[in-house]
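Please open the model in a viewer and keep the selection panel at hand.

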Amino acid sequence: MNHRLNYGAVGNCRTAALISETGNIEWLCLPEFDSPSIFAALLDREKGGCFGFEVSEAYRTEQSYIPHTNILSTHFISDEAEFTVLDFMPYYRAQNSEHYLPAELYRYVRRIRGVPRFRVHYAPAPDYARGKTIRNVGTEYIESYSSLNATDRQYLYSSIPLEDIERSREIVLEKDEFFLLSYNEKVIPVDIEREKLEYCRTLVYWLNWTNRTKRFTYYNDVIERSLLTLKLMSYYNGAVLAALTTSLPESAGAVRNWDYRFCWLRDASMSIETLFKVGHPGVAQRFMRFIQSTFTADRDSFQIMYGIRGERTLTETTLDHLSGYRNSKPVRIGNDAYHQRQNDSFGYLMDLIYQYYRLMPGSLDEIEDMWEMVKNILSTVTEEWRKPDKGIWEIRGRSRQFVSSKVMCWVALDRGAKVADLLGKNEYGRWRREADDIRDDVMKNGWKEEIGSFSQAYDNLALDSSLLLMEPYGFIEATDPRYSRTVRAVKEALLHDGLMYRYNSEDDFGMPASAFTICTFWLIRALFVIGEREEARRLFDGVLRCANHVGLFSEDIDFDTKELLGNFPQAYSHLALVNTAVLFAEEDRSLTFVRP
């Protein structure tokens with residue numbers, strides 16, 4: 001199967017790297033997720049920069065994660081010799097109980113057998129390769145920086161002679177060696193023993209994190225890998241990235257190329273709720289604090305998305321000097337979608353806030369701060385729900401009355417009313433009445449008897465995968481004939497060769513050409529709850545085969561080749577995978593919980 005996006009991801013909740021199946025680092029931003037790239041061969045093979053190993057054709061490679069961790073192993077094997085490269089970013093709890101998450105990446109080269117030989121290809125291209133790279137070889141490290149920005153510097157330490165790395169001389173591996181790429185010059189000695197210590201501490205952190213997760217007899221491996229991936233995309237302050245990359249296209253050569261290194265309220269709320277359900281309440285607490293901080297900074301308005309530090313302005317520009325992934329231009333940084341109105345975002349957030357109130361023992365000040373935010377959100381929803389918006393898919397053309405947006409506005413008011421009940425705030429009954437008005441409006445204007453289904457928008461007869469979300473958020477019962485008819489109509493219109501379109505009507509960029517990964521998982525859940533469980537499991541097993549070699553999913557999948565497309569790895573895809581897999585696990589009564 002042709003995946004092309006055959007990368008493993010390593011990170012430490014501050015930044016992350018994508019490493020090819022042959023051990024080449026082809027995407028890394030320092031010091032943080034949304035910083036300019038150091039390596040971006042993913043977006044331009046010639047200019048982008050990379051860091052890997054050149055071996056003879058006698059070698060083959062195998063790549064996998066160290067079980068239950070986000071440490072990546074790339075195994076080089078020939079008849080005569082064998083060695084492994086272990087890639088990781090240090091991440092563990094320090095003595096002061098704060099997490100240690102430096103902007104650095106270790107590459108531990110472990111000799112296994114024989115006398116391996118390789119050359120190191122170290123070609124950083126800092127600042128998105130916008131300038132010329134300047135490199136200085138010192139006694140302790142190789143320093144690099146861009147001619148356009150001398151303040152951002154990178155330091156490569158190694159047990160291998162630095163001149164041999166710089167001149168790409170052949171290395172004869174007679175013992176274990178290491179590399180450390182750091183955003184900061186180190187103030188303590190860096191040697192192989194230090195590397196081993198960092199490795200062991202990071203290994204134990206990930207093993208402990210995984211051990212706190214609910215376990216399932218069925219599909220546990222794919223659930224665990226998805227949860228580890230979601231954790232990888234959680235910035236340490238609580239924000240959650242939609243993906244680690246920018247400008248990977250929805251279809252090769254096309255222009256649907258966006259920067260996903262930001263925190264969307266919708267995506268993040270869904271990711272956090274998934275982690276919350278499987279045993280990680282801490283991530284929910286941190287996310288709530290992040291959202292509260294954005295609210296406290298500006299009570300007047302909410303955005304659909306923020307920078308990972310709460311930034312509100314995410315100006316979109318293009319990097320025209322980069323050729324793009326498989327020549328798919330433009331390469332964009334920033335995302336102008338932050339201007340958009342997407343009324344559905346509040347529903348996902350309020351659903352999570354309701355879970356927080358119901359299940360989390362927050363302090364009095366946290367509960368009161370959150371209540372102020374709830375009132376502000378529902379005031380906004382009450383004012384906005386009748387207005388057209390851009391919808392869940394951020395369509396950049398004209399605004400419409402999208403059914404899924406109305407449904408999620410109902411969710412926001414429904415959950416707000418439930419929060420008010422929990423707090424004994426009886427004077428907020430108007431939220432329940434407003435929710436009832438939305439339900440009546442959707443039933444009147446969203447249901448189209450001529451197609452036997454709810455439609456994408458009030459003014460059209462198009463079908464849309466987001467309609468499948470009406471049931472899981474409680475807007476309609478799975479037993480309601482209108483829902484089962486909608487599920488079957490959406491399946492008939494949008495399922496193609498085991499994968500789902502988001503919609504198949506023309507938008508401002510033409511006709512969608514690839515499957516949207518999360519939508520296939522939504523269909524599987526919908527079929528499951530309306531009783532078509534055998535078909536649901538068949539589709540689920542089929543989409544699992546589309547994962548790459550280490551179990552990661554992107555945003556999109558090519559219908560014909562099953563090639564992964566779009567930004568990668570995608571939080572949306574992995575959270576939906578977990579929620580869908582849990583359905584089958586619970587069906588088989590296999591749920592077990594392993595306490596720390």
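Select strand 12 together with strand 16 (residues 170-172): the two pair in the antiparallel sense over three bridges. Strands here are DSSP runs of E with at least two residues, numbered from the N terminus, and two strands count as paired if DSSP finds at least two bridges between them. Within this pair, Val172 of strand 16 is the bridge partner of Arg117.

Before continuing, note that this is a predicted model, in which local features need pLDDT of at least 70 and side-chain atom pairs count only at pLDDT 80 or more, while totals for chains, interfaces and linings use all residues. Residues are numbered from 1 along each chain as its sequence is written, and side-chain values use heavy atoms, with hydrogens and water left out.

Phe53 stands opposite Val120 of strand 12. Now display the side chains of strand 12 (residues 117-123): Phe118, Val120 and Tyr122 form the covered face, whereas Arg117, Arg119, His121 and Ala123 form the uncovered one. In a regular strand, side chains alternate between the two faces of the sheet.

Move on to the open sheet of three strands, whose order is 27-28-29 with antiparallel pairing. Its edge strands, strand 27 (515-516) and strand 29 (564-565), each pair on one side only. Strand 27 meets strand 28 (residues 556-557) over two antiparallel bridges, and Asp556 in strand 28 is the bridge partner of Phe516.

Then select Ile353 and Ile377, the residues with the most contacts inside the largest nonpolar core, which has 202 residues. Such a core is a set of buried Ala, Val, Leu, Ile, Met, Phe, Trp, Tyr and Cys residues joined through side-chain atoms within 4.5 Å; buried means under 20% relative accessible area, with a 1.4 Å probe and protein chains only. Neighbours within four places in sequence aside, Ile353 is in contact (heavy atoms within 4.5 Å) with Met288, Met370, Met373, Val374 and Ile377. Another core, of eleven residues, lies apart from the largest one and includes Ala242, Trp258, Phe262 and Leu314.

Finally, select Cys519 and Cys546. Cys519 is buried, at a relative accessible area of 0%, and Cys546 is buried at 3%. The structure as a whole holds zero disulfides.

How values were computed: A disulfide is a pair of cysteine sulfur atoms within 2.5 Å. Buried means under 20% relative accessible area, exposed over 50%, partly exposed in between (1.4 Å probe, protein chains only). Helices (H or I, at least four residues) and strands (E, at least two) are DSSP runs, numbered from the N terminus.
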